[in-house]
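Here are my notes on one stretch of this model, for when you have it open. I've kept them to a few numbered points.

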Amino acid sequence: MMFQWHLDLWRTRVKGAELPQSLLLVAARGSGERAFALTLAQALLCRQADPQGLPCGQCDDCRWFLANAHPDFLLLDPDKEQDEGGEGAQPAAADKERRRRREIDVGQVRTAGAFIRLAPVRQRARVVMLHPAESLNAVAANALLKDLEEPPSAARFILVSNAPGRLLPTIRSRCVRLVLPRPSPQAAAAWLGSRGQGSPALALAQTAGMPEAAAALDARYWRVRETLLARLGNPSAGLAGLDVKDTDWLAVVHVAQTWAWDVMAARFRLELRYHPDHGDAIRGVAKRANPVFVARFEQRLAQARRLVEHPLNVRLQTEQILVESQSL
């Protein structure tokens, strides 16, 4: 699916162009960058592209691609579940035999290297997509360099990055960079509304205007948001009835961080960006808050975000965040 705000770029930079073997797509997270990259990969494999250069969606290649079964396409994604360890690995418990990765590791990159060195099954190309590319760990990034330096003629690499500065300079230098535009607020709200989102503006406020990220906000996020916003900076609310599950840690930190940014904005009489529906409460906190303490609180939350890969008691951590917010 190609988003409307990417069509002009597609027509001017992709349609009919001789694409490089290694392409780096740079975009804001949740702006539709994954959909653009997948459309590009599908187009490279499609045999009957339409007049816009978009994949037809009807040929065998498109049907296989859409069914995640195309033999010439490989996606490297840290969110894909993989076996823990390699051959001979002996995890301590059965529930640790599989885990959700948070990085693309060297084993996946080596798999991609072997993949591109095989002749294309459909005689067009072998396409490898990395999303997000900055999730490559150090060893994997160096392994990828070898494939980018001398790729087989049929190989195509599509790297998608929300933070290209975190990529090795040598990886960036071996790719042609293509920056995807951000959607306008009107286009993003219209797209969300077409999906049945009842409050597009509020959902977009949670994700800095990125519609795909806003669409991914589930009922759990909104429940955590309401629970926290009723208590942040409010000593009288207490912690009774607080119900935050371990899987909600990122939502907890995100809501607390955006609340702190709104408090700082209100302190200096700026427009609230993230939680305008709680404006009165936020402005009340801002009147009495010390800006220095608010800035330190936000720094503490930035450090807390790094704990996402570590075991922790989310309820206790959340209670600590709330206690700190009440002393600003």
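1. A quick definition before anything else: two strands count as paired if DSSP finds at least two bridges between them. Keep in mind, too, that this is a predicted model. With that said, E5 and E6 run parallel and are joined by five bridges.

2. E5 has a partner in E2 as well: residues 73-76 pair with E5 in the parallel sense, over four bridges. Have a look at Met-129.

3. Is E5 covered or exposed? Mostly covered, with five of its five residues buried. Arg-126, Val-128 and Leu-130 point one way, while Val-127 and Met-129 point the other.

4. Now the helix. H5 covers residues 138-149 and reaches 17 Å from its first C-alpha to its last, close to the 16 Å expected. At its start, a side-chain oxygen of Asn-137 comes to within 3.3 Å of the backbone nitrogen of Val-139.

5. Which residues of H5 are buried? They are Ala-140, Ala-141, Ala-143, Leu-144, Leu-145, Asp-147 and Leu-148. What covers them includes strands E1, E5 and E6, along with helices H4 and H6.

6. To put the pieces together, E5, H5 and E6 make a right-handed β-α-β unit. The two strands of that unit are the parallel pair with five bridges, and both are among the elements covering the buried residues of H5.

Key
Residues are numbered from 1 along each chain as its sequence is written. This is a predicted model: local features need pLDDT of at least 70, side-chain atom pairs count only at pLDDT 80 or more; totals for chains, interfaces and linings use all residues. Side-chain values use heavy atoms; hydrogens and water are left out. The expected span of a helix is 1.5 Å times one less than its number of residues. Buried means under 20% relative accessible area, exposed over 50%, partly exposed in between (1.4 Å probe, protein chains only). Contact means heavy atoms within 4.5 Å. A polar contact is a pair of N or O atoms within 3.5 Å; within protein, one must be able to donate a hydrogen and the other to accept it, and residues adjacent in sequence count only if both atoms are side-chain atoms. A crossover is right-handed if, with the strands pointing away from the viewer, the path from the first strand over the helix to the second runs clockwise.
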